Amino acid sequence: MASRTYGIILVTLSALFWSTAGPFVRMANLESWTLIGWRSLFAFLTLAGVAAYQHRTRLPIAVLDMGSAGIVAVAISVLSTIAYIFALNLTTVANVMIVYATLPFIAALISYVWIEERVTLRLLGAGLAALTGIFIMAGAAATAHDVVGIFWAFVMTATFAAQIVHTKVHPKLDLNVAMALAAGACGLIAIPFMEPGLPSPESLLACALYGGLTSGFAYVLALNGGRYIAAGEAGFIQMLDVVLGPLLVWIFFGEQPGVTVLAGGAIVLIAVFWYLVPTVRMPAA
């Protein structure tokens, strides 16, 4: 299979898995730190199992070989995960996904600062349009929780963009091991703040699915697939999550976005597609 096709498949699967985050968070119905703790446990078990199968007796060596690049990757992933769950618990899935749609612009800005990748006028124009859409959406926020949730959604998006750039800077980084360590770190951080006792079986099932699929395999698929295709193409494919995430929550939980939110989201999505469509024709990274 050609490397570009392989990358497209991985990134598409990651977007499909990631779109289930909202439904699983609503299904779990837990406060943020408790959700982070249980989700992280299942994500750690999933990713550590994959890493153990991959490295077998050399797993301790693979962990030690992570070096400073691995420590940075773990720290960024921990912050991104915590921000994502806080965002989903504080505001609607539609709000979170609209902010997440600015990922290509934020990634391009971080790439410019970090590795001096060129920033085009097209990027600046589309980014300003997307920012306008976010301000419209935030201005229509029903409660203070929505505003705080939108802030955390922005933190999540910025840290995930940093992960993408960091992965390109360190192409030999073992992402399975890094993400397993990040999940374990998230769980340890959450323990002092979690509610005591076991959640209901339905909540545990939601956490298991969220940790194993959405937070586990989806992250690894996205970051691995992004190594084989252009950044713009990866961003374009990830827009599947922006559409499917709110749609799934709307269908199963009746969480319908307001007219102003839809208007702001439309501006963001139009800006993203206007910027990304020409980049899809670019050759593989």
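Modeller: Start with Asn29, in the loop between helix H2 (21–28) and helix H3 (32–55). Keep in mind that this is a predicted model. Asn29 has a positive phi of about 55°, although it is not a glycine. Why point that out? Because most residues other than glycine have a negative phi. Is Asn29 buried or exposed? Its relative accessible area is 67%, so it counts as exposed. The cut-off for that word is over 50%.

Now go along helix H3, which covers residues 32–55. Past it comes Arg56, in the loop between H3 and helix H4 (59–64). Here too phi is positive, near 55°, and Arg56 is not a glycine. At 54% relative accessibility, Arg56 is exposed. What does its charged end do? The charged end of Arg56 sits over the ring of Tyr53, 4.7 Å from the ring centre.

Look next at Thr34. Its C-alpha is 9.9 Å from the C-alpha of Leu198. Along the sequence, Leu198 and Thr34 are 164 residues apart. Leu198 belongs to the loop between helix H10 (175–190) and H11. With a relative accessible area of 69%, Leu198 counts as exposed.

Rings come next. Trp33 belongs to a cluster linked by ring pairs, together with Phe86, Phe151, Trp152 and Phe193. How many aromatic pairs are there? The count comes to 9. Take Tyr6 and Tyr228: their ring centres are 5.3 Å apart and their planes meet at 80°, so the pair is edge-to-face. That label needs an angle over 60 degrees. Where do these two sit? Tyr6 is in helix H1 (residues 3–18), while Tyr228 is in the loop between helix H11 (201–225) and helix H12 (231–253). The pair therefore ties together parts that are 222 residues apart in sequence. Tyr6 is partly exposed, at 37% relative accessibility. Tyr228 is partly exposed as well, at 32%.

Another pair is Tyr100 and Phe160. Their ring centres lie 6.5 Å apart with the planes at 45°, so this pair counts as tilted. It links distant parts of the chain, 60 residues apart: Tyr100 is in helix H6 (residues 93–100) and Phe160 in helix H9 (residues 144–169). Are these two buried or exposed? Tyr100 is buried, at 1% relative accessibility. Phe160 is also buried, with a relative accessible area of 1%. Buried means under 20%, so both values qualify.

Finish in helix H12, where Trp250 is found. Trp250 has a relative accessible area of 40%, so it is partly exposed. It is one of the residues in a nonpolar patch on the surface.

A word on confidence. The mean pLDDT of the protein is 85. Of its residues, 93% reach 70 or more. Which helix has the lowest confidence? That is helix H8 (residues 121–139), at a mean of 77. Confidence is highest in helix H5 (residues 67–90), at 94.

Methods: Residues are numbered from 1 along each chain as its sequence is written. This is a predicted model: local features need pLDDT of at least 70, side-chain atom pairs count only at pLDDT 80 or more; totals for chains, interfaces and linings use all residues. Side-chain values use heavy atoms; hydrogens and water are left out. Rings of Phe, Tyr and Trp (its six-membered ring) pair if their centres lie within 6.5 Å; planes under 30 degrees apart count as stacked, over 60 as edge-to-face and the rest as tilted. Helices (H or I, at least four residues) and strands (E, at least two) are DSSP runs, numbered from the N terminus. Buried means under 20% relative accessible area, exposed over 50%, partly exposed in between (1.4 Å probe, protein chains only). A charge sits over a ring if NZ of Lys or CZ of Arg is within 6 Å of the ring centre and within 35 degrees of the ring normal. Patches are made of residues with over 30% relative accessible area and no salt bridge: like charges are joined within 9 Å, nonpolar side chains (Val, Leu, Ile, Met, Phe, Trp, Tyr) within 5 Å. Accessible areas come from the Shrake-Rupley method with a 1.4 Å probe; for residues, only the protein chains shown count as cover. A salt bridge is a side-chain nitrogen of Lys or Arg within 4 Å of a carboxyl oxygen of Asp or Glu. pLDDT is the predictor's confidence in each residue, from 0 to 100.
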